[in-house]
Amino acid sequence: MEVFCNLMLSDVQKERLQNGLGKVQLRHFDDSVLESVARPHFEKSEIVFGNPPASWIATHQSLRWIQLESVGFGEYLSLNWDTLGKRVTVTNLSGFFADPVAESILAGVLSIYRGIDQLVLLKHNFDWQGDSLRPHLRTLNASRVLLFGQGAINSRFAELLLPFRCDIVRFGREWTNASFDKALVHADLVISTVPDTPQTRGVFDRRRFNNFKRGSIFVNFGRGSVVDDDALADALQSGFLRGAVIDVTRDEPLPAEHRFWLTPNLILTQHSGGGTSNEIDRKIDWFLDNFVRYQRGEELNAIVDFSRGY
């Protein structure tokens, strides 16, 4: 048995991963290695740790398990999982990023409410406004919050909101347009953490942004495909929305000509919301825990259901 890994690892991390695998051979190749060198080892591996190119998977006959280093797996949806799924199990990091992402959401929201985002810009421009800022600030306390997505991130964020005594409305898999729009008009905060599925793509279009409560904040830490970028930019530019915190975009990295770079009152966190200093080590721990389960023939954690799209 061989394990193929294409994460960026330090020498210490590679050694720790190999020690955890015991006598199983680790084949590690990061993105700097040529495909002609890495792919033959990939083709011989029973287990993959990382996110390999989708095109490599379709022709791989000995592959049995892929442990993704992400929650998302949109790049693999186009593969024929009716066939592949009979011999390959895919697991992701579902729930892995709940704490850091929830804290990033809270930090972004508080930054807008307390004017921290604007104060950073004023400092950069040597511009002291002081007391004139005070009437524009508000608190999170007792806000009405709409959570779109009932996964680990929004569940953790709801816990972080407890001291603020917010009124929370949740929408999960069974949401309907009518009930969603009815709640939307009252929400001070709208937090989207949903994955990319046919049901979520373009949910936040121009009509829906026009249905937001004036002065509300929109947050997206799910997938960029749910948002009409121009409609959001217009809502912020006009002042209809108080602000937005955007971690994910349709194109990443965000193109230099994209409106979000210059859109006012928009905090762009550049898909860093789940990051921590020990992120890679925690991913290794997650993989090794599942590796023990795999060796024992036990059910793996966080198996991807491609029929649901998440």
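The model is predicted, so local features need pLDDT of at least 70 and side-chain atom pairs count only at pLDDT 80 or more, while totals for chains, interfaces and linings use all residues. Residues are numbered from 1 along each chain as its sequence is written, and side-chain values use heavy atoms, with hydrogens and water left out.

Reader: How many helices and strands does the protein chain have?
Author: Helices (H or I, at least four residues) and strands (E, at least two) are taken as DSSP runs, numbered from the N terminus. On that basis the protein chain has 11 helices and 11 strands.

Reader: What percentage of the residues of the protein chain count as buried?
Author: The C-alpha atoms fill a box of roughly 65 × 45 × 40 Å along the principal axes, and the accessible surface (Shrake-Rupley method, 1.4 Å probe; for residues, only the protein chains shown count as cover) comes to about 16000 Å², of which 51% belongs to carbon and sulfur atoms. A residue is buried under 20% relative accessible area, exposed over 50% and partly exposed in between (1.4 Å probe, protein chains only). Of the 310 residues, the buried share is 46%.

Reader: Among contacts between residues at least 6 apart in sequence, what percentage join residues at least 24 apart?
Author: A contact is taken here as heavy atoms within 4.5 Å. Among contacts between residues at least 6 apart in sequence, the share that joins residues at least 24 apart is 64%.

Reader: In β10, which residue is the bridge partner of I217?
Author: Strand β9 (residues 217–220) runs parallel to β10 and is joined to it by 4 bridges. In β10, G243 and V245 point one way and A244 and I246 the other way, and all are buried. The bridge partner of I217 is G243.

Reader: With which residue does D181 form a salt bridge?
Author: A salt bridge requires a side-chain nitrogen of Lys or Arg within 4 Å of a carboxyl oxygen of Asp or Glu, and the structure holds 18 of them. D181 lies in helix α8 (residues 177–184) and its partner in helix α9 (residues 206–210), so the pair ties together parts 27 residues apart in sequence. The closest N and O atoms are 3.0 Å apart, and the partner is R208.

Reader: Which residues are linked in a network of salt bridges?
Author: R206 in helix α9 and D234 in helix α10 (residues 229–237) are 28 residues apart, and their closest N and O atoms are 2.9 Å apart. R259, in the loop between β10 (243–246) and β11 (266–268), is 29 residues from D230 in helix α10, and these two side chains meet at 3.4 Å, N to O. R259 is partly exposed at 32%, as is D230 at 40%. The network links R206, D230, D234 and R259.

Reader: Which residues make the nonpolar surface patch of about 250 Å²?
Author: Patches are made of residues with over 30% relative accessible area and no salt bridge, like charges being joined within 9 Å and nonpolar side chains (Val, Leu, Ile, Met, Phe, Trp, Tyr) within 5 Å. L119, in helix α6 (residues 116–124), is partly exposed with a relative accessible area of 38%. The patch is made by I116, L119 and V120.

Key. Two strands pair if DSSP finds at least two bridges between them.
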